[in-house]
Amino acid sequence: LHVRLHSFPTRRSSDLNKLVLFPNPAQELLFIQSQQPMNNLLFTIYDVTGKLILQQQSINGNLFQIDLTNLPSGIFSVSCTENGDLRYSGAFVHNN
């Protein structure tokens, strides 16, 4: 008996517009890029203790930058929401 399994790709809504965070580690600026334009984004950055460090609202676009010049060096988590829906959650290293 010979069995072949075929996989058919499916597209989830989360796959349609992935966000990329770069560079990592970052120094002065952190960029977040999406494949398609996004509206009403809110970027939130926390330190390793969970303390809110920065919140930045952004207008429409597909390339966003966050100024890190006032942040100390360390590891931070970042989340991006679009109209209240989580679009990205990850971490980055900041080297002053």
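Figure 1. Is Asn96 buried or exposed? Asn96 is exposed, because its relative accessible area is 67%; buried means under 20% relative accessible area, exposed over 50%, and partly exposed in between (1.4 Å probe, protein chains only). The model is predicted: local features need pLDDT of at least 70 and side-chain atom pairs count only at pLDDT 80 or more, while totals for chains, interfaces and linings use all residues. Residues are numbered from 1 along each chain as its sequence is written, and side-chain values use heavy atoms, with hydrogens and water left out.

Asn96 belongs to the segment that follows strand 7 (85-94). Helices (H or I, at least four residues) and strands (E, at least two) are DSSP runs, numbered from the N terminus. Leaving out residues up to four places away in sequence, Asn96 touches Thr69, Leu71, Pro72 and Ser73; a contact means heavy atoms within 4.5 Å. A polar atom of the Asn96 side chain is 3.2 Å from the backbone oxygen of Leu71. Such a polar contact is a pair of N or O atoms within 3.5 Å; within protein, one must be able to donate a hydrogen and the other to accept it, and residues adjacent in sequence count only if both atoms are side-chain atoms. Between Asn96 and Leu68 there is a C-alpha to C-alpha distance of 8.7 Å, with the two residues 28 apart in sequence.

**Figure 2. His94 and the residues around it.** His94 is placed in strand 7. His94 counts as buried because its relative accessibility is 0%. The His94 side chain reaches two backbone oxygens: that of Pro72 at 3.0 Å and that of Leu71 at 3.4 Å. Beyond neighbours within four places in sequence, the contacts of His94 include Ala26, Gln27, Leu68, Gly74 and Phe76. Pro72 and Ser73 are also among the residues that His94 contacts, and both are touched by Asn96 as well.

Figure 3. Strand 1 and strand 2 (residues 29-38) run antiparallel and are joined by four bridges; two strands pair if DSSP finds at least two bridges between them. Val20 has Gln33 in strand 2 as its bridge partner.

Figure 4. Strand 3 (residues 41-46) pairs with strand 6 (residues 74-82) over six bridges, in the antiparallel sense. Leu42 stands opposite Thr81, which is in strand 6.

**Figure 5. Aromatic pairs.** Three aromatic pairs are counted in the model. Phe22 and Phe31 form a stacked pair, 5.6 Å centre to centre with 20° between the planes. Rings of Phe, Tyr and Trp (its six-membered ring) pair if their centres lie within 6.5 Å; planes under 30 degrees apart count as stacked, over 60 as edge-to-face and the rest as tilted. Phe22 is partly exposed, with a relative accessible area of 33%, and Phe31 is partly exposed at 22%. Phe43 and Phe64 form a tilted pair, 5.5 Å centre to centre with 55° between the planes. Phe43 lies in strand 3 and Phe64 in strand 5, so this pair ties together parts that are 21 residues apart in sequence. Phe43 and Phe64 are both buried.

**Figure 6. The whole protein.** The protein has seven strands and zero helices. Of its 96 residues, 30% count as buried. Among contacts with a separation of 6 or more, 47% are between residues 24 or more positions apart. The protein exposes about 6,800 Å², of which carbon and sulfur atoms supply 51%; accessible areas come from the Shrake-Rupley method with a 1.4 Å probe, and for residues only the protein chains shown count as cover.
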